[in-house]
Amino acid sequence: MNYLLVGLLVLTLAATLLLGNHRARAQPPAPAITPARVPSGPLVVSTLAGHPLPDSYGDGPRLAAWFSSLRGLGLDAHGNLYVASSSEIRQVTAAGQVRTLAGSPPAQYVLLRNGFTTYGDNNPSIDGRGLGARMLPSGPLAVAPDGTVYFTETNAVRRLSPQGEVTTLGGAMWAGKADVPGDHKGGLTGRARFDQPTALVAAPDGSLYVGDREGHAVRRISPRGQVGRLSGEWKSPISPLSNEGRYISASAVAVGPDGAVYVLQGALRRYPAGGGPPVVLAGSDENDPGYVDGRGAAVRFNRPAGLCVDADGTVYVADRGNHLIRRASPDGEVTTVAGQPGVHPLHPAGFEDVLQRYCPDDNQSGVAPGQLGDYHDGPAVEAHFNHPAAVAQGPGGTLYVADQDNNCIRVIQPARP
């Protein structure tokens, strides 16, 4: 009897160990995301997923998939890309398949036998699981080391868990809460309010940095949910009450491998890890749109929308208004990596038509008809983009670009010998 009992105990222990090991293998922890340097030498641009065609929707193999108005882009440690599109969060797997993780496609892209369905009705900001959630992502997307995806929507920061659950992390959801977009209160995320967040990044320590457009602030959400302001936050020295100046909002934010925070807020600034005053790397607080490479205050960007930082502190900028990907070295020298710059007359012929199509929220596009960016793969210096909205770095220094108005995900990598 005792031998039988001992045998049962041994079998039970062995089964427990085997099952535990199986679970561990089935769900391996994500490795740390380690930035790499973008290789030197000639670069080429190619299309990873999507079509350079009008807005549409469709999952499937990457080059057969369709996107609509790409707004944000992020990469996890397993090589999967996450994309914020017009009303859904999509994933491009490392195996090359595109699938919808949460949200629903716009109604005009979902056609059933009985005509257009009300599924995908663009009802904004409903928490839920997977395709049952509703969203209208308004800008950037960030992927945390644990696989959680964060995105912005009007006056809120929302998250998609690895299990597919969409919740509102902080701020007010659009529907029914438009009366509290701008009180700019800090505190626990459930009580905090944001006013049109347009920049977002997840730091390795679990915190989030949010560029609060109309709040004129870069804010930090700690891993415990406390909301505060970035130490040394810049603001115009002229009070907005004086009618003599303006506050400049952050258009993009990124975190370097050393924990430093990079902010495009008129000029490109670097906030040292651990606090302290920021260092201006390039550009000017005048915020005049234009295209100028070089050093210091002479550098000009045109409504940049995304940043990423490589292992040595080099910053890559999605210069949306110039249809370019640009690079700022650690000592502040700005050069063009890929794309062809547009022409920037003040009021070209047909400007209002261009404005309505390409810049519905902005009346200073600075681009001319017929030169609004384009679509062309090939050598980086000859490639064409159409309002690149985000840039992210992958293994080996490969750069991924959300090419918003081409409805494509593009890749910048070394040319093959």
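Five strands make up an open, antiparallel sheet, ordered E27-E1-E30-E29-E28. Its edge strands, E27 (378–379) and E28 (388–393), each pair on one side only. Strands here are DSSP runs of E, at least two residues long, numbered from the N terminus. Two strands pair if DSSP finds at least two bridges between them. Strands of a sheet pair through backbone hydrogen bonds, either parallel or antiparallel.

This is a predicted model: local features need pLDDT of at least 70, side-chain atom pairs count only at pLDDT 80 or more, and totals for chains, interfaces and linings use all residues. Residues are numbered from 1 along each chain as its sequence is written, and side-chain values use heavy atoms, leaving out hydrogens and water.

Back to the sheet. E28 and E29 (residues 399–403) pair in the antiparallel sense over five bridges. Ala 392 has Tyr 400 in E29 as its bridge partner.

Now the charged side chains. The whole structure holds 13 salt bridges. A salt bridge is a side-chain nitrogen of Lys or Arg within 4 Å of a carboxyl oxygen of Asp or Glu. Three of them are listed here:

| Pair | N to O distance |
|---|---|
| Arg 158 and Glu 153 | 2.8 Å |
| Arg 295 and Glu 333 | 3.3 Å |
| Arg 410 and Asp 403 | 2.6 Å |

Arg 295 lies in the loop between E22 (279–282) and E23 (306–309), and Glu 333 in the loop between E25 (324–328) and E26 (334–338), so this pair ties together parts 38 residues apart in sequence. Arg 410 is buried at 0% relative accessible area (buried means under 20%, exposed over 50%, partly exposed in between, with a 1.4 Å probe and protein chains only). Asp 403 is buried too, at 0%.

Terms used:
Helix = DSSP H or I, 4+ residues; strand = E, 2+ residues; numbered from the N terminus.
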